[in-house]
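I'll start with a single residue and then zoom out.

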Amino acid sequence: VEAGRGINLQNAITGVANVTNCKITATKTDGYGVRVDAKGANVMNVSGCAISAYEPIVLRNAEAAYTVNLSNNTLTLTNGGTEEIVVSGTTPVINNK
């Protein structure tokens, strides 16, 4: 998947979103690979992915708590990015296996 800013889990869904075994490349110089800014109690599972972006994973404040499970991913910084996982706002629960 080549996307300007990447994949974004926002308020469009509730429940569980799975992103598995894919290659995500942000084409914008300040893009993200996966951004989570979701409704409460959502779960996002990201596994087996190769993510290339200025900020590969961005976790943002949300209406309520959500969970992100990361496993077996390769995160690559591009365009001078400095953090693989960026937390913006309240610290989320991160399960990194």
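**Starting from Asn-45**

So, Asn-45 sits in strand β6; strands here are DSSP E runs of at least two residues, numbered from the N terminus. Quick housekeeping: this is a predicted model, where local features need pLDDT of at least 70, side-chain atom pairs count only at pLDDT 80 or more, and totals for chains, interfaces and linings use all residues. Residues are numbered from 1 along each chain as its sequence is written, and side-chain values use heavy atoms, with hydrogens and water left out.

What does Asn-45 touch? Skipping residues up to four places away in sequence, the list is Val-16, Ala-17, Asn-18, Val-19 and Asn-69, with contact meaning heavy atoms within 4.5 Å.

Now the core. The largest nonpolar core has 15 residues, and Val-34, Val-36, Met-44, Val-46 and Ile-51 touch the most other members. By nonpolar core I mean buried Ala, Val, Leu, Ile, Met, Phe, Trp, Tyr and Cys residues joined through side-chain atoms within 4.5 Å. Beyond four places in sequence, the contacts of Ile-51 include Ile-24, Pro-56 and Leu-75.

Zooming out, the chain has 12 strands and zero helices, and 35% of its 97 residues count as buried.

Key:
Buried means under 20% relative accessible area, exposed over 50%, partly exposed in between (1.4 Å probe, protein chains only). Helices (H or I, at least four residues) and strands (E, at least two) are DSSP runs, numbered from the N terminus.
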